[in-house]
Amino acid sequence: MAQDHGWAGRNKVAIVGAAVSSITRRTERPLGGLVREACLGALSEAGLGVSDVTGVATYPFPGYFVSSPRAGVDLVGVPWIVDHLRMENLRWYSESNEGLIGAGIIEGVNAIISGLCDVVVVWRAMSRVSGRSNFGGPRPGTTVSGDAQYTLPYKISAGVITHALAYDRYQQLYGATRAEMATMVLSQRRKSSLNPQALYGDRKLTFDEYMEARMISDPLCLYDCDVPVYGAAAIVLTNAERAKDLASRPAYISGVSINTYHVGKVVGSFYMLQDRMAAGGATAKRLWKTAGVGPADVDVAELYDGFAPSTWYWLEAAGFCGEGEAHQFIQNGTIEVDGALPLNTFGGSLSEGRMHGMGHIIEATRQVTGNAGPRQVKGVELAVVFDGSPLLRGSALALSSTD
Amino acid sequence: VIGAVPDEESRELPFWSGAREKKLLIQRCSKCGRYSHPPDIVCSECGSEEFRYEEVSGDGRLYAMTTFRNVPDGAEQPTIGVVELNEQRGLLLACEIGPEVLAAGRPMVGDPAQVRFDHITEHDLWVPQFDFGGGQGDSEA
């Protein structure tokens, strides 16, 4: 049996800079230019420069599948950024495909704690295909083999279908409704109006518009799906001693976790609500253990909303409410900026744009350092991020205002 | 009703070849008896590398359902179901729920499901599908 001592790395590393490039639906600028802007912005917030950087990490997947990606255009990995930011003092780097950006951050934290690096930059770049995507996969009659022969003949051709299946089950098991989901989606849209970088900050969304929205895959409607964008986001990590001497206020990393719950055959488990809850529960339990806190200690929560129901699954898996209760928990102002649990205070990916969890991490950093402007929650000492959908690349971070 | 079709090699696997004889064959660990669908190579329960295919009852319950609507204008919007077989918790099979089933009323989570086998003439392929509640029986398409 593995020994469990909490986490010796608690508060030893801090986020000392966070920046986001422009977030747009389409752009003439190369993706690499956006990453450069985000990385330099995050360094400058801390009063650091490229020559200080000794480690870099990213999660290179650009957000959609492209057969032969062009470096700097479709994706921005380590070699491209090392060349184009002229990084000459690197000692370590990582490109990891797990936990969305979570694994990269945890590896960066470990590289700092081990003494291998003192300043690490972690970025995420998102691009998109133009036009309406996910038109239903292969043409009828296309031949398939392997695990796909058990799904594609039945037309399970897009990720959104598996999310819709889990949400359908959730609705029916717990009596949840689209009108209840509207409360969360509309709340996030209102909060995004106080977030200058949010893509849809100036687009009002009414209850009627939500209820009459085009369905993508029942019961998921257009407004339950995050918005694919071009954009880049970066954070800067350093050790707690150095953090105290920098220009910015540090957000200490007090807990980390990554999903380790895997079932034998992933293809079937994508439908399974109970697997999502088991994966999320295990991820959350370890976050609370590493951070030495519990859900009642949290001042603000940024919970992944690539598809809106993922936020409900995280609320339950993390223990903010009981299983099957999230649809009721989020009603009556609970999740507003002045509510009992301010949630996705920047508008989430549904309104800010699909930054694959980096939007959530950057908002948590701003909330815990008092830099969230008009949407600042009062007296934030602890912010948490639960990233990814719980089963697919889930991870979590706890950020503290003090060490 | 079919999307992609299993290739020549795949359609000789027991799941598809069994359907030709109107049998639902699911892979089962020879050692511990755990069912795996899709088929596995090492049992995730006991580590055994020996499997056989066994005919199952074909009875289960609707686990979840969705209609995929993000298709080009005018294109068919498929309704996809997932059925949990009675043999084992979490033993899930996909199905497509055709308009003839939906016409009798939307099946709900937990409704009883019974396997049926549809013949896709164009591909000479038998495909396991499910009926809910009353049942429609096997069909030619």
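1. Strand S5 of chain A (residues 143-144) and S1(B) run parallel and are joined by two bridges; two strands pair if DSSP finds at least two bridges between them. B:Pro6 in S1(B) is the bridge partner of A:Val144. Strands (E, at least two residues) and helices (H or I, at least four) are DSSP runs, numbered from the N terminus.

2. The model is predicted: local features need pLDDT of at least 70, side-chain atom pairs count only at pLDDT 80 or more, and totals for chains, interfaces and linings use all residues. Residues are numbered from 1 along each chain as its sequence is written, chains are lettered from A and ligands numbered from 1 in the order in which they are written, and side-chain values use heavy atoms, with hydrogens and water left out.

3. Chain A gives 44 residues to the contact and chain B gives 46, where contact means heavy atoms within 4.5 Å. About 3,700 Å² is buried between the two chains, 58% of it from carbon and sulfur atoms. Buried area is the accessible area (1.4 Å probe) lost by two parts on being put together, summed over both.

4. Four salt bridges cross the interface of chain B and chain A, each a side-chain nitrogen of Lys or Arg within 4 Å of a carboxyl oxygen of Asp or Glu. One of these joins the side chains of A:Lys155 and B:Glu96, at 3.2 Å from N to O.

5. On the side of chain B that touches chain A, elements supplying at least two residues each include helix H1 (14-20) and strand S9 (125-132). S5(B) gives the largest share, six residues.
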